[in-house]
Amino acid sequence: MKTIQNVNFKNTKALIRVDFNVPLNAQFEVTDNTRIVSAKPTILKVLEDGGSCILMSHLGRPKAQESEFSLRHIVSTLETVLGVQVLFSSDCIGEEAQTAADNLQPGQVLLLENLRYHSEETKGDLGFAEALSKLGDFYINDAFGTAHRAHASTTIIAQFFPVNKCFGSLLAQEIESIDKVMQTGEKPVLAILGGAKVSSKITIIDNILDKVDHLIIGGGMTFTFVKAQGGHVGDSICEDDKMELALEILEKAKVKNVQIHIPVDVLAANDFSNDANTQIVDVREIPKNWQGLDCGPKSKAIFHDVVQKCKTILWNGPLGVFEMETFSSGTIALGDSIAEATKNGAFSLVGGGDSVAAVKQFGFENKVSYVSTGGGAMLESLEGKTLPGIAAISE
Ligand code: AMP
């Protein structure tokens with residue numbers, strides 16, 4: 001894997017695809033600078049080598065050139081994070097961008113306007129990619145969040161840099177973390193899959209059964225498995241049309257010698273509400289009109305033991321409706337267990353949408369080995385797909 005560590009960028013104009021798709025408030029101020037901070041090591045490496053950086057990104061999903069999606073809004077935050085002045089071009093291609101890039105001196109940083117102001121970006125247009133490629137003489141992809149898209153700036157552009165291309169440090173870290181879980185990680189390997197529906201995780205489960213020794217299935221998915229085995233799930237979320245699939249998964253796991261762990265008890269509620277009445281019940285005996293919204297104490301203890309004996313841990317998806325405090329304790333307990341295992345030497349990767357939100361909300365961010373920055377890209381990697389943005393650099 002060729003990364004920025006293998007390259008000296010002295011006198012090089014590095015064209016870097018970053019992911020600055022950050023949240024803004026009503027005053028267009030950056031409310032979470034995580035993604036900007038994450039891109040800093042790659043940018044600083046180029047500058048410290050004596051090169052310059054041309055940064056390109058998308059922001060939101062503009063339909064036209066709407067000013068609310070302008071990357072100009074993030075310039076001051078970027079300057080604060082990097083500690084250097086940032087130049088800005090009000091278009092990502094064309095005369096202004098080309099002149100700004102041509103005049104760029106070593107040590108300088110130029111940020112281009114939102115790539116998605118041009119519909120050619122998401123279409124993966126070759127001519128648009130070529131125009132972008134003319135701005136720099138080395139291409140770095142450091143945007144994991146869009147690595148699963150064959151867009152002009154994430155994938156198509158790479159062909160204009162047959163040799164002069166590599167992964168940025170963030171993207172390299174993402175790839176290494178996923179590889180640890182899927183290929184090189186110390187055994188026993190554990191995957192924890194939670195969240196709402198079997199249907200959205202089925203490809204991941206299928207792929208991951210070949211990679212792991214243990215699989216914890218939690219959250220709303222639990223009930224499809226429980227009902228398929230004859231349990232009573234009351235009003236719990238359940239995909240009846242996926243019950244056969246659930247049984248197939250259990251069978252496959254047996255053949256592949258993967259131990260599956262499903263909650264044995266749940267915190268059931270008489271309403272989908274933080275103020276509902278609740279009771280702990282056996283997962284197979286949830287009363288009529290009640291629904292399981294979190295895992296129960298026995299399940300937490302079982303999961304804790306499984307987590308402690310594993311050396312490589314992947315966590316995707318909450319174990320309950322963590323957005324409501326009443327049903328957050330299963331997810332918090334799991335976070336605690338993973339934090340403890342990590343402290344004792346396990347490698348833990350958290351990724352994919354809601355689990356990242358949960359980890360941040362409950363303060364586990366610095367207690368796990370790695371928190372992925374890409375939602376969809378992470379899920380597609382776990383499904384075993386080759387991401388186009390990664391393939392384009394590797395070729
Ligand atoms: P996903 O995007 O598939 O990872 O699903 C995340 C969502 O699953 C979160 O919004 C949770 O509130 C929800 N969830 C977790 N457990 C349950 C449950 N037992 N019943 C209903 N929704 C759940």
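Predicted model: local features only at pLDDT ≥ 70, side-chain atom pairs only at ≥ 80, totals over all residues.

**Note on salt bridges**

1. At 32% relative accessibility, Lys227 is classed as partly exposed; buried means under 20% relative accessible area, exposed over 50%, and partly exposed in between (1.4 Å probe, protein chains only).

2. Residues are numbered from 1 along each chain as its sequence is written, and side-chain values use heavy atoms, with hydrogens and water left out.

3. Side chains of opposite charge can pair when their charged atoms come close. A salt bridge is a side-chain nitrogen of Lys or Arg within 4 Å of a carboxyl oxygen of Asp or Glu. By this rule, the model holds 12 salt bridges.

4. One of them joins Lys227 and Asp240, at 3.1 Å from N to O. Lys227 lies in helix α8 (residues 222–228) and Asp240 in the loop between α8 and α9 (243–255), 13 residues apart. Helices (H or I, at least four residues) and strands (E, at least two) are DSSP runs, numbered from the N terminus.

5. Lys360 pairs with Asp32, the closest N and O atoms being 3.9 Å apart. This pair links distant parts of the chain, since Lys360 is in helix α12 (residues 354–361) and Asp32 in the loop between β1 (13–17) and α1 (34–49), 328 residues apart. Lys360 is partly exposed at 34%, and Asp32 is partly exposed at 29%.

6. Is Glu383, the partner of Lys385 in a salt bridge, buried or exposed? Glu383 is buried, with a relative accessible area of 18%, whereas Lys385 is partly exposed at 45%. Their closest N and O atoms are 3.0 Å apart.
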